[in-house]
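This note is intended for a student who is reading a multi-chain model for the opening time. Please keep the sequence and the structure in view while going through the points.

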Amino acid sequence: MYLILLSIFIPILMGLYLLVRKEYASRGRLLATTCAGLVLTGALAVASFTAAYGSSFTLFYLTKSLPIAFAVDEMSVLFSCLTVIVLLCAGLFSFEYMKHETKEKRYYGFYLIVFGVLNALCFAGNLVTFYLFFEMLTLTSMPLVLHNGSHEAIMASLKYLFFSMCGAYMALFGVFVVSHNSAVLTFSTGGILHAAAGSPSAGLLLAAAFAMLVGFGVKAGMFPLHAWLPTAHPVAPAPASAVLSAVIVKAGILAVVRTVYYIFGADFLRGTWVQTAWLILTLITVFMGSMLAYREPVLKKRLAYSTVSQLSYILFGLAVMGAEAVTGSLLHVLAHGLIKTALFLCAGAIIFTTGRTRVDELRGIGKEMPFTMWCYTIVSLGLIGIPPTGGFVSKWHLAIGSLQSAIPVFRWLGPVILLVSALLTAGYLLPLTIQGFLPGADYDYEHLKKREPSPLMTIPIAVLTILSVLIGLFPAQLTDWLTRLAARIL
Amino acid sequence: MDFVRNFPCISIMLCLFAGIISSGLRGKAAMLVNAALLVTNTVLSACTLAYTLAAGESFVYVMGQFPAPWGNEIRAGVLESLMALFFCIIMLLSLFGGRHKLIEGVEEGKLYLYYVLMDLLLSSLLALVYTNDMFTAYVFVEINTISACGLIMIRQNGRTIEAAVRYMIMSLLGSGMLLLGLCMLYDLTGHLLMSNIKESVAQIVAEGQYTIPLIISIVLMSVGLCIKSALFPFHAWLPDAYGYSTVSSAAVLSSLVSKGYIFLLIKIIYRVIGFEIYRDSRIIDILFVFGLMGMIFGSLSAIRENDIRRMIAFSSVAQIGYIYMGFGMGTEAGMTASVFHILSHAATKSLLFIAAVGLTDVSGRNRQFIELTGAGYRNKWAGAAFTVGSLAMVGVPMFSGFISKLLFSQAAVQNNTKMLPALIVLGISTILNAIYFMKTVIRIYTPVEDTPYPSMTFRNMPLYAVVLVAFIILNVTLGVSSQPVVDMIRQGLAMFA
Amino acid sequence: MGTNLFVNYGEAVAMILFGIGFGNLLLQPNLIKKIIGLNIMDTAIYLFLAEKGYIKGRVAPIVANGVQSMEAYINPIPSGLVLTGIVVSVSVSALMLALTIRLYRRYHTLDLDEISKQLRKEGL
């Protein structure tokens, strides 16, 4: 119990401390403090889901019917693992990257707070606690978006806030309706609304479920409220974009998982109009995200659009509500998290060393930064879904799961769109590799100089790349575990 | 223990005496008298609250020797004493928080007058809260208006006098309607004491007599109080009055004066007309609609505003809309939510006003947003407090505003016909709130290089910082452990009926 | 309906006066006329109260000639209310007039809209 609380509040308090204290005399001490905070939090998070696995407790009561409670289950473990890996890697990367940005203290302060809030989301034991930290996540991650303080960044963060508030409020509406129909809001596998299934309020509950899906889906960039994501993610500093794009959006996914499988229960929603509408929205998002990414010239923005599309792969799998598809989704949560972090860190490394942001400016980049570009290429292949990388396994399960399901039309339409989108993914990720390594005959080899970034940047990228490949090479155990998990929550 | 029954009367009398004594004192001494008065009243109200909670029922205190149908009475239950306690605390904090501005803004020889007015205002607020007599309520409404007008124009420039005149005109229209309404009610029932009127009204309704005069009288009283508490279409006087007066006045006006009228309306609904009769008249639908409109238009005006004080003032219009929306639900839950929102808004709005003045002070007295850039770094206390206030206004969990939002939504879910409009407008208004408050928070935390303005630290004004911290604690307490307060409100409303 | 109006002509007149006063207070741009409107409005209410308290054929409740029967006297409470109301309205009028003098000295006009215009010009 204490471990969980510590893993939440230590980073938050450290972050607050960093925010309010005076400027450090040397950069080294700031980094040392941050580093200590990150490692400590990571260790605490890991310790809490290993030592406190299966436990749950109530911290206090917000009102009589609204307890703030925490619990650790398999879903917590999955998301917490991802959070820890990504935040540690991106944090390490920031130590180098943030050299060319100002106001580092504020950045690390909020970075730590976000870490704490993400832990809280992973370990939240009921809907109210989850909602509470969900709102906090929006507010504490906003400073990461507006970090450089330019007009563009402020407008982007306001857009982020606006969409998130819209979403959170829609979700809150759902929470109210659910709490009106159920005495408790504790997450439990199979849902808590069995009694309400045939009752007259079922129609209202379905509407509430849809509102919650769309509302929480805002964080996960689901159509129609996805527009903030490509604006907000690229303006943040690269490691922050990585965190935003890889983990913070996953909070939206976690929210959807918790809502659908732990509150409503798959049986409640299966075969209703909500499922159909949800499937349509995800497929639109998958296609549209890839299409927009394909047409986008700025690298980081392209990656952000790619996030929109990839997240809806996950949501699609969840919407199918079959064991195989859910397994694929959960695997893709992990795979996409690692890959997208690596991609953003690569983009950050490129920006840091060359200062160039547009894809067409990056001709010959592979000759300048071969290591970074190799990693980029490997993880790109993963995102496209070419074996033997992580993305392949998850997409395989998604496609199989969709074909196995009995949903008319979508059972074959889904895989088709996923395939088309995979082609588009190749279309928007690989040109950088091709131009980077094969700049053409007219490329000026004379002035070529190797300028690989420092190890602080390359190591995180390498670690993430290796992990994403490992998932693809040895998926058996992980998949088994996820299949069991999927079977249990269905 | 029964001695506690005298406390409500004593606290009102103390205010009047303090006012009289202060009028012969110098500014500093008057301030001390006022502070002592507020602390004493806080303690007295707390005792009354504890007493009524322990007794589980309200009590009536007969003024003079005249028994029920003729005499004048004071009535104290859980809700009344809770309100009184809250009013005292907020007034104390607001006065201390704005003290430095007061000493700057008011002419040297006139400072004592400010505290005389404050004493009077408190007496009228407490009387409004405690009284059981309609005509007494009217008289104290007027006293309230006069002292509030004085508070607006104590800092003399053209703006404040004009604002005061506009405030007076609207208030007089409101109190005229209130007076006419209660005269008609007196005419119908032959009583002035609330409990007696209620019995007669119930009888009249049961017999089906005088339906139209009764409705007209209810309408007159409700509209009168709506005008005075600045419900949406009647809010034109508000931004100037709150925006240009000295900061303590703005805080007190927005968080207490308008709330005093709203509380009187609650008393009229429960104790004079009767909740069921009031609900079955169509008036609550009108209140509901105007509340909703206020929520949206107030926020829209606030977004357009380029002056931080006026922005906060417009936000009050929206928040008062919330309260009337709660009335308009016509359910117990809606009323509970409204009463809670009275408390939470009072705590938040005064915090925002006090914090805003700290921010403008470190920005060369400029209130335009562009000048406020980075003010949160120059005055860390005010910045943090403003952020907390904004989060509470937006309704982020852990702050008081969230609980209001929660209670409103729970009330809305229970009412089938009004659920959808209420929830939709609540959502829109939340988002609009988020836009302008977060815009401000981002603005004050956007760093600037080489600012011409000095910073302010704890050492410059310890009192100010302490007040802000107290406000923050109040807000978070309301947000985190709201259950006891909500229970008290429920109990208090039950005692009303 | 019509007969009622005729019988209670005092109340009807009071209501009309209230309307006139209310309209003046709300709509007149001139501050002095506003204050006059305020006084008309208040007086109308006192008229209404007095009219309600008066019962035809009875006298003021002062015991004279040893008549102690309640039937002989009018209801004294409305009269008391009127007195209280007059005190209130006097103080309010005084305050309004004082404010008006302040504004007039500063802006040399009694027109509230004109004053607002000048204020905007000052840019305060």
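The numbered points below go from the arrangement of the chains to single elements and residues.

1. Arrangement of the chains. The structure is a predicted model. Two pairs of chains are in contact, and of these, chains B and C share the most contacts. Chain A and chain C are joined by no contact, and their closest C-alpha atoms lie 28 Å apart. Chain B, by comparison, has contacts with chain A and with chain C.

2. Overall form of chain A. Chain A holds 19 helices and two strands. Its radius of gyration is 22 Å, close to the 23 Å that the globule rule gives for 490 residues, so chain A is as compact as a globular protein of that length. The C-alpha trace of chain A spans about 75 × 55 × 45 Å along its principal axes. Of the 490 residues in chain A, 61% are buried. When contacts in chain A between residues at least 6 apart in sequence are considered, 81% of them join residues at least 24 apart.

3. The strands of chain A. How do β1(A) and β2(A) run, and how many bridges join them? The two strands run antiparallel and are joined by six bridges. One of the pairings sets Phe60(A) against Ile68(A), its bridge partner in β2(A). A hairpin of two residues leads from β1(A) to β2(A). Strand β2 of chain A covers residues 66–71, and five of its six residues are buried, so the strand is largely enclosed by the rest of the structure. As a general point, the side chains in a regular strand alternate between the two faces of the sheet.

4. A helix of chain A. Helix α4 of chain A comprises the 20 residues 104–123. At 1.5 Å a residue the helix should span 28 Å, and its end C-alpha atoms are 29 Å apart, which agrees. Is α4(A) mostly covered or mostly open? It is mostly covered, with 18 of its 20 residues buried.

5. The contact between chains A and B. Here 23 residues of chain A are in contact with 21 residues of chain B. On the side of chain A that touches chain B, the elements giving two or more residues are β1 (56–63), α5 (127–145) and α6 (151–181) of chain A. The largest share of that side, 12 residues, comes from α6(A). By class, the side of chain A that touches chain B has 16 nonpolar, four polar and three charged residues.

6. Overall form of chain B. Chain B contains 21 helices and two strands. The radius of gyration of chain B is 22 Å, close to the 23 Å given by the globule rule for 497 residues, so chain B is as compact as a globular protein of that length. Along its principal axes, the C-alpha trace of chain B spans about 75 × 55 × 45 Å. Buried residues make up 66% of the 497 residues in chain B. Of the contacts in chain B with a separation of 6 or more, 79% are between residues 24 or more positions apart.

7. The domains of chain B. The domain assignment gives domain 1 (1–273) and domain 2 (282–497) in chain B. The centres of domain 1 and domain 2 of chain B, taken over C-alpha atoms, are separated by 22 Å. The contact takes 42 residues from domain 1 of chain B and 43 residues from domain 2 of chain B. Which element gives the most to the side of domain 1 of chain B that touches domain 2 of chain B? That element is α11(B), with 13 residues. The residues of this side of domain 1 divide into 24 nonpolar, 13 polar and five charged.

8. The contact between chains B and C. In this contact, 21 residues of chain B meet 29 residues of chain C. On the side of chain B that touches chain C, α6 (134–153) and α7 (158–189) of chain B each supply at least two residues. The largest share of that side, 15 residues, comes from α7(B).

9. Ser11(B) lies in helix α1 (residues 7–22) of chain B. This residue counts as buried because it has 27 C-beta neighbours inside 10 Å, the cut-off being 20 or more. Beyond residues up to four places away in sequence, Ser11(B) touches Asn41(B), Leu44(B), Ser45(B) and Leu126(B).

How values were computed: Residues numbered from 1 in each chain as written. Chains lettered and ligands numbered in written order. Predicted model: local features only at pLDDT ≥ 70, side-chain atom pairs only at ≥ 80, totals over all residues. Domains from an automatic or database assignment. Contact = placed C-beta atoms within 7 Å. Helix = DSSP H or I, 4+ residues; strand = E, 2+ residues; numbered from the N terminus. Nonpolar A, V, L, I, M, F, W, Y, C, P; charged D, E, K, R; others polar. Rg over C-alpha atoms; globule rule 2.2 N^0.38 Å. Buried ≥ 20, exposed ≤ 12 C-beta atoms within 10 Å, placed from the backbone. Expected span 1.5 Å × (residues − 1). Pairing = 2+ DSSP bridges.
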